[in-house]
Amino acid sequence: MAQGGKRGAAIDLVVADKNPLVLSGLKQIIAEDDRFKLVALATDGERFLEAVARLSFSVGIIGWAMPYCDGHAVLERLRGTEKAPRIVVYTGSADPSVPRKVMALGGAGFCAKSNPPEALLETAVSVASGRMVFPFVDVRTLNQDPLKMLTGKESELLEAMAGGATNAELAETLGVSVNTIKFHLRNIYEKLDVRNRSQAIAYHLSARSPRG
């Protein structure tokens, strides 16, 4: 149902999500709300960035977990882009750190898929008017060194991993199973915001390198 009469120009939107059912549902509710004009739909982050390059729109609604180029990568690539749209991340991720990451990467808003669709539309309206919309985020952690968030055991594992130790060797050294090592590595990747072993090692070595 349309939200009353128009108050000025409609808000131009582009929506990106990996789930076609989500795209279809959002297309329908946006079409029924005369505050918005849906400019395009995208099924992944790469297609969304293509839309940014060739279309003019004020707000982008994107998923966090998307193929080819996820929400994290989209926000990174838009940083410093002149006249980039304001980005709202709309995700079903239960990871409580995602809103913090979105804010730190320059996103304008966050809305969980567990909220009713109306909440997403209100978020888009607020973002279009220049406001930021997030659940509570402890801003003291935005610039915190991720390496300092690792536990002692996780730091030890990262050091050994950077030295070339395999999962089996790590498990033998610590007297635990390989599955336990994999559990710790997943936690390390999440805290460092990396996707794999190579990226974690590169992050560790970069942090140890002298600067200046």
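Helix α1 (residues 20-31) lies across β1, β2 and β4 (86-91), and runs at about 165° to β2. Contact here means heavy atoms within 4.5 Å. Helices (H or I, at least four residues) and strands (E, at least two) are DSSP runs, numbered from the N terminus. Axes are lines fitted to C-alpha atoms, for helices over the stretch in contact, and angles run from 0 to 180 degrees between N-to-C directions.

This is a predicted model: local features need pLDDT of at least 70, side-chain atom pairs count only at pLDDT 80 or more, and totals for chains, interfaces and linings use all residues. Residues are numbered from 1 along each chain as its sequence is written, and side-chain values use heavy atoms, leaving out hydrogens and water.

**The sheet**

- Five strands make an open sheet, in the order β2-β1-β3-β4-β5, with parallel pairing.
- Two strands pair if DSSP finds at least two bridges between them.
- β2 (36-42) and β5 (109-112) are the edge strands, and each pairs on one side only.
- From one strand to the next, the twist averages 20°.
- Strands β1 (residues 11-16) and β3 (residues 59-62) run parallel and are joined by four bridges.
- Val15 has Ile61 in β3 as its bridge partner.

**Helix α5 and Leu121**

- Helix α5 (residues 117-128) lies across β1, β2, β3, β4 and β5, at about 165° to β4.
- Leu121 sits in helix α5.
- Leu121 has a relative accessible area of 7%, so it is buried (under 20%; exposed is over 50%, partly exposed in between, with a 1.4 Å probe and protein chains only).
- Leaving aside neighbours within four places in sequence, Leu121 is in contact with Ile29, Ile30, Asp33, Arg35 and Phe36.
- Leu121 and Ile61 are 60 residues apart in sequence, and 9.9 Å apart in space, C-alpha to C-alpha.

**Lys101**

- Lys101 belongs to helix α4 (residues 98-104).
- Lys101 counts as buried because its relative accessibility is 9%.
- Leaving aside neighbours within four places in sequence, Lys101 is in contact with Trp64, Asp95, Glu190 and Asp193.

**Helices α7 and α8**

- The axes of α7 (residues 167-174) and α8 (residues 178-192) come within 8 Å and cross at roughly 105°.
- The two helices are therefore roughly perpendicular (65 to 115 degrees; under 35 is roughly parallel, over 145 roughly antiparallel, the rest oblique).
- Asn167, Ala168, Leu170, Ala171 and Leu174 of α7 meet Val178, Ile181, Lys182 and Leu185 of α8 in this contact.
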